[in-house]
Amino acid sequence: MIISPYYEKDVECLNCKKKFPTLKVRSKSIKVDHTESDFQPIYADNQVNALYYNVFVCQHCGFSFTDDFNKYFAPGVKEKITIQITNNWIPHNFKSERTVFDAIQAYKLALLCATIKKEKFVIISGLTLRLAWLYRSLKNTGQEQRFLKMARDFYMESFSTEDFSGTQMSTVRIMYMIAELSRRINDYQNATRFFSRVIESQRVGGEAKLVEMAKEQWELVREEREKMPL
């Protein structure tokens, strides 16, 4: 008997508290072939893309979120969600298998909800980065670049406010992400500055793998800058 790579799970909406079904991917069905320099997972041929299922979309009120969202809602936020999302919501669910276009819609809904809810910059940067990856898979360079820049800017906000403290993101990893995304949007000044800071972190026991990756990417920046017309 062939076991489906998916299973259905009931999730409670953070906003309206009603339950709704969503598809999740069985961990043993996720096979990553390799990871890009900005940590985009590249799945093995014909394997399920787990990124498509990270966002939960409430079929009742339209509120969309991930496991990383804070359960706390500041006063007045739920009213804003009602006005901006729920009042315009045509009830439908995302519990079926998702295409890349379904995933993009789900992430954009989550991005809107995170913005209204004023989630941490580090959470919003993760959503925009994943949107960039989805557009990259479609070879839509314009939208990929747009969301890479948004992700880089949100990571810079996170770095300056230190709102990543208490999450899985470390200072070195945030600096690496700022540098690599800057490189990808051709902002070589910030790429050089932040790769240098990651490399310097090895003096105080910085994360060895990230330091090595930063050295490799810094070399790419140097080569790319040399190709630029004077």
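A residue is called buried when its relative accessible area is under 20%. Keep that cut-off in mind as you look through these close-ups, which all come from a predicted model.

**View 1. Serine S64, a buried residue in strand β6.** With a relative accessibility of 0%, S64 falls under the cut-off, so S64 counts as buried. You can find S64 in β6, a strand made of residues 64–65. A polar atom of the S64 side chain lies 3.1 Å from the backbone oxygen of G62. Setting aside residues up to four places away in sequence, S64 touches V55, F56 and V57, along with F69, A106, L109, A110 and C113.

**View 2. Leucine L14, in the loop between β1 and β2.** Here the loop joins your view of β1 (6–12) to β2 (19–25), and L14 lies between them. L14 has a relative accessible area of 10%, so this residue is buried too. Beyond its neighbours within four places in sequence, L14 is in contact with F63, F65, F69, N70, K71, F73 and K78. Now look for K31: L14 and K31 are 17 residues apart in sequence, and their C-alpha atoms are 30 Å apart in space.

**View 3. Cysteines without disulfides.** How many disulfides does a search of the whole structure find? The count is zero. C61 is in no disulfide either, and its nearest cysteine sulfur, that of C13, is 3.7 Å away. Is C16 buried or partly exposed? At 27% relative accessibility, C16 counts as partly exposed. C61, with a relative accessible area of 4%, is buried.

**View 4. Helices α4 and α5, side by side.** Two packed helices are described by the angle between their axes and the distance between the axes. For α4 (residues 141–161) and α5, the axes come within 9 Å and cross at roughly 150°. The two helices are therefore roughly antiparallel to each other, and their crossing is left-handed. On the α4 side, the residues that meet α5 include E144, Q145, L148 and Y155. Among their partners in α5 are T171, I174, M175, L181 and R184.

**View 5. Helices α5 and α6, another crossing.** The axes of α5 and α6 (residues 188–200) come within 7 Å, crossing at roughly 150°. That angle makes α5 roughly antiparallel to α6. The handedness of this crossing is left-handed. The contact is made by residues including V172, M175, Y176 and A179 of α5, and Y188, F194, F195 and V198 of α6.

**View 6. Arginine R184, in helix α5.** Follow α5, which covers residues 171–184, to reach R184. Is R184 buried or exposed? With 18% relative accessibility, R184 counts as buried, because the cut-off is under 20%. The side chain of R184 makes a polar contact with the side chain of E180, at 2.9 Å. Leaving out residues up to four places away in sequence, R184 touches E36, S37, D38 and R136, as well as E144, Q145 and L148.

Definitions and conventions
Residues are numbered from 1 along each chain as its sequence is written. This is a predicted model: local features need pLDDT of at least 70, side-chain atom pairs count only at pLDDT 80 or more; totals for chains, interfaces and linings use all residues. Side-chain values use heavy atoms; hydrogens and water are left out. Helices (H or I, at least four residues) and strands (E, at least two) are DSSP runs, numbered from the N terminus. Buried means under 20% relative accessible area, exposed over 50%, partly exposed in between (1.4 Å probe, protein chains only). A polar contact is a pair of N or O atoms within 3.5 Å; within protein, one must be able to donate a hydrogen and the other to accept it, and residues adjacent in sequence count only if both atoms are side-chain atoms. Contact means heavy atoms within 4.5 Å. A disulfide is a pair of cysteine sulfur atoms within 2.5 Å. Axes are lines fitted to C-alpha atoms, for helices over the stretch in contact, and angles run from 0 to 180 degrees between N-to-C directions. Angles under 35 degrees count as roughly parallel, over 145 as roughly antiparallel, 65 to 115 as roughly perpendicular and the rest as oblique. A crossing is left-handed if the near helix is turned anticlockwise from the far one by less than a right angle, and right-handed if clockwise.
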